[in-house]
Amino acid sequence: MPAPEPQNAISLPRSSESEELKKIRHTASHVMAMAVQKLFPKAQVTIGPTTESGFYYDFDLPEPLTTQDLKAIKKEMVKILKRKLPVLREEVTREEAKRRIEDIGEPYKLEILATIQEPITIYHLGNEWWDLCAGPHVENTGEINPKAVDLESVAGAYWRGDANKAQLQRIYGTAWENPAQLAEYKRRKQEALKRDHRKLGKELGLFIFSDLVGPGLPLWTPKGTILRSLLEDYLKQEQIKRGYLPVVTPHIARIDLFKTSGHWQQYQEDMFPMMAEDDDSWELERGFVLKPMNCPFHIQIYQSNLRSYRELPLRLAEFGTVYRYEQSGELGGLTRVRGFTVDDSHLFVTPEQLDEEFAQVVDLILSVFKNLKLEKFKARLSFRDPTEDKYIGSEEVWSTAEGAIRRAVEKMGMEYFVALGEAAFYGPKLDFIFEDALEREWQLGTVQVDYNLPERFNLEYVAADGSRQRPVMIHRAPFGSLERLIGILIEEYAGDFPLWLAPVQGRLLPVSDEFLPFAQEMARSMLSVGIRAEVDTSGERLGKQIRNGEKEKIPVMAVVGAKELESRTLSIRTRTSGELGTIAVGEVIERMKEAIFNRKNF
RNA sequence: GCCGAUGUAGCUCAGUGGUAGAGCAUUCGAUUCGUAAUCGAACGGUCGGCGGUUCAAAUCCGCUCAUCGGCUCCA
């Protein structure tokens, strides 16, 4: 039997929730920086903030830091902690700070000084080391338990987060009030690893990657494909109820399509290279590209007819697979891939219909999350950053579009936050952000209001007064990417899919080969009413069959032996409730059908 | 794309210059079994790829591909 889940008796506050931890971590980061400079005198220190579960510091130093160096740095830190150095705050003038920085020759600190506001404070560790810092800190390094501190990893990080600036070396560490908290933190990290969709996806046989196929290009096995299809079918049904119309469009198109939309100008580097027939065509940019977006295709369908206002809103929907040449360092599992399927739809609406239609879309998205039991997400209003010039369209159009989104979420009373600079190049978005098992954030659902592509493609409809008017487009995808959604779902469910989504819903386990025919008969009865059932034909002992079924996270197992054959019953054992005893065959099937229909467990 | 780490059997992993290993899985045999691992045998690897150093390379060096963590990017 697996060990029962230990109770989370030890609480692990985040930095933002605990003044004490904020102090410990701030000071620990300084101690780490002092240790690094002691071991690597050429190291320049830059910034060293706390994170929600620890801290980091960025260094500029000529030789590369490796994982090996962390041990030596940690050892040096312990020495400093044990010396109980007082942490002293000193307020200085800007001129004084500048003078002292110049004395020690650390140019990064001068840049930092230029961006901070008075009061300018310096924190000293004894009289041996100091840095510009706003605090807060513990009073002396002895307050930090060396056994509650650990260094976790090294990584490259650009100065000021700018890829054009120098790359620094970042050390991530963590620090807690006591060793028990540190141990608990590590235990939870281990636990999180077990939920990782890459690990579970392999174990459950849902998808694979192949070196010969290429990075970021998942291949879906039968079980994974069942899952995908179920999600697609579910959303298609919801969309039919809401007046969406299905379309199918090709995977490639002339480059000109994306020049018209602006994608080529904006994202050429992130698209798979153009297919050209010869050098001349290459030179003249005459060729085909794999589609990175579905919208220009749907626009073509809109434009294939003169549209009347009576047809609007026109909602064209497609599970469209797109290809984007993501940077190699960005790829990972299903959350960031180079080929993925968007549950895409483009809604062509009159300006008057925009608010209502937007609200309807948000309603659909929220109901999708609810039915998938995805409860933890944030709504982000992704607006443009007015200081950047990567956007197309006029000021006026942008503020209208942003206003529409803000009105909609406020009217619905949703909690949200605004993120400047997160807009698409053609319009603002409402994005739904989820966390994976390792607490990294991913965008799933999205709704975008777009006045610009209708402009670029010259879209029109005939209004009631006979005049030609321009429609507004709403781009929307509740799942966002089917691949990413499945990655998040696997982690959210820890591999235990609800019955309606489980690739194998029921498995019949014969106590011995003698009962195989009865098991087969039972499986056929289930299959005939649409229950995904199979028989364990391994010939293993029952205990082993159960173990395998549990490892594969089969939701419902049915043991069949002499007793069951005799009474036409099944001994049911479920993932969620364990042994349920014998139940009549007809009742088992009815209960399974009902649970699947209602998206409940057996 | 950048910084660092990793890559050994289908899977999880041992093996630090001298004849490639374990457990699980697979196949075969025995067992016909009642709620998380029955026993035995066999099969299985150009040690990610290419090149170099060496009498000798899984092991050392270079390049390359892929994966992982982070940065940057994300229509």
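**Close-up views of the predicted model**

**View 1. Ser-382 stands opposite Ala-419 in E16.** The model is predicted: local features need pLDDT of at least 70, side-chain atom pairs count only at pLDDT 80 or more, and totals for chains, interfaces and linings use all residues. Residues are numbered from 1 along each chain as its sequence is written, while chains are lettered from A and ligands numbered from 1 in the order in which they are written. Element labels such as H or E denote DSSP runs numbered from the N terminus (helices: H or I, at least four residues; strands: E, at least two). E15 and E16 pair in the parallel sense over 4 bridges, where pairing requires that DSSP finds at least two bridges between two strands. They belong to an open sheet of 8 strands with mixed pairing, in the order E10-E13-E14-E21-E18-E17-E15-E16. Strand E10 (245-246) and strand E16 (417-420) are at the edges with a single partner strand each, so one side of each has no neighbour in the sheet. H12 packs on this sheet and touches strand E14 (339-349), strand E17 (429-435), strand E18 (441-450) and strand E21 (472-477). Contact means that the C-beta atoms of two residues, placed from the backbone, lie within 7 Å. The direction of H12 makes about 160° with that of E18. For such angles, axes are lines fitted to C-alpha atoms (for helices over the stretch in contact), and values run from 0 to 180 degrees between N-to-C directions.

**View 2. A second open sheet has 5 strands in the order E23-E22-E24-E25-E26.** Its pairing is mixed. Strand E23 (533-535) and strand E26 (578-584) are the edge strands, each pairing on one side only. From one strand to the next, the twist averages 25°. Strand E22 (residues 506-510) runs parallel to strand E24 (residues 556-560), and 5 bridges join them. Gly-506 has Val-556 in E24 as its bridge partner. Helix H16 (residues 516-528) packs on the sheet against E22, E23, E24 and strand E25 (569-574), with its direction at about 170° to that of E23. Helix H19 (residues 585-597) also packs on the sheet, touching E22, E24, E25 and E26, and its direction makes about 120° with that of E26.

**View 3. RNA strand B is surrounded by 61 residues.** The closest are Gly-156, Ser-328, Gly-329, Gly-561 and Ser-571. Elements giving two or more residues to this surface are strand E6 (149-158), strand E7 (167-175), helix H9 (263-267), helix H17 (542-551), helix H18 (562-567) and E25. A residue is near the strand if its C-beta atom, placed from the backbone, lies within 6 Å of it. The largest share, 7 residues, comes from H17. The surface has 23 nonpolar, 19 polar and 19 charged residues; Ala, Val, Leu, Ile, Met, Phe, Trp, Tyr, Cys and Pro count as nonpolar, Asp, Glu, Lys and Arg as charged, and the others, Gly among them, as polar.

**View 4. Helix H3 (residues 94-104) packs with helix H4 (residues 107-115) at an angle of about 165°.** Their axes are 9 Å apart. That makes H3 roughly antiparallel to H4 (angles under 35 degrees count as roughly parallel, over 145 as roughly antiparallel, 65 to 115 as roughly perpendicular and the rest as oblique). H3 passes H4 in a right-handed crossing, the near helix being turned clockwise from the far one by less than a right angle (anticlockwise is left-handed). Arg-94, Ala-97, Lys-98 and Ile-101 of H3 make the contact with Lys-109, Leu-110 and Leu-113 of H4. By class, these residues are 4 nonpolar, no polar and 3 charged.

**View 5. Helix H1 (residues 19-39) and helix H2 (residues 67-82) cross at roughly 115°.** Their axes come within 8 Å, and the crossing is right-handed. From H1, Val-31, Met-32, Met-34, Ala-35, Val-36, Lys-38 and Leu-39 meet Ala-72, Ile-73, Glu-76, Met-77, Ile-80 and Leu-81 of H2. The contact has 11 nonpolar, no polar and 2 charged residues.

**View 6. The peptide bond from Glu-118 to Pro-119 is cis.** Its omega is near 0°, and Pro-119 lies in the loop between H4 and strand E4 (120-125). A cis peptide bond also runs from Leu-312 to Pro-313, with omega near -5°. Pro-313 is in the loop between helix H11 (295-303) and strand E13 (314-323).
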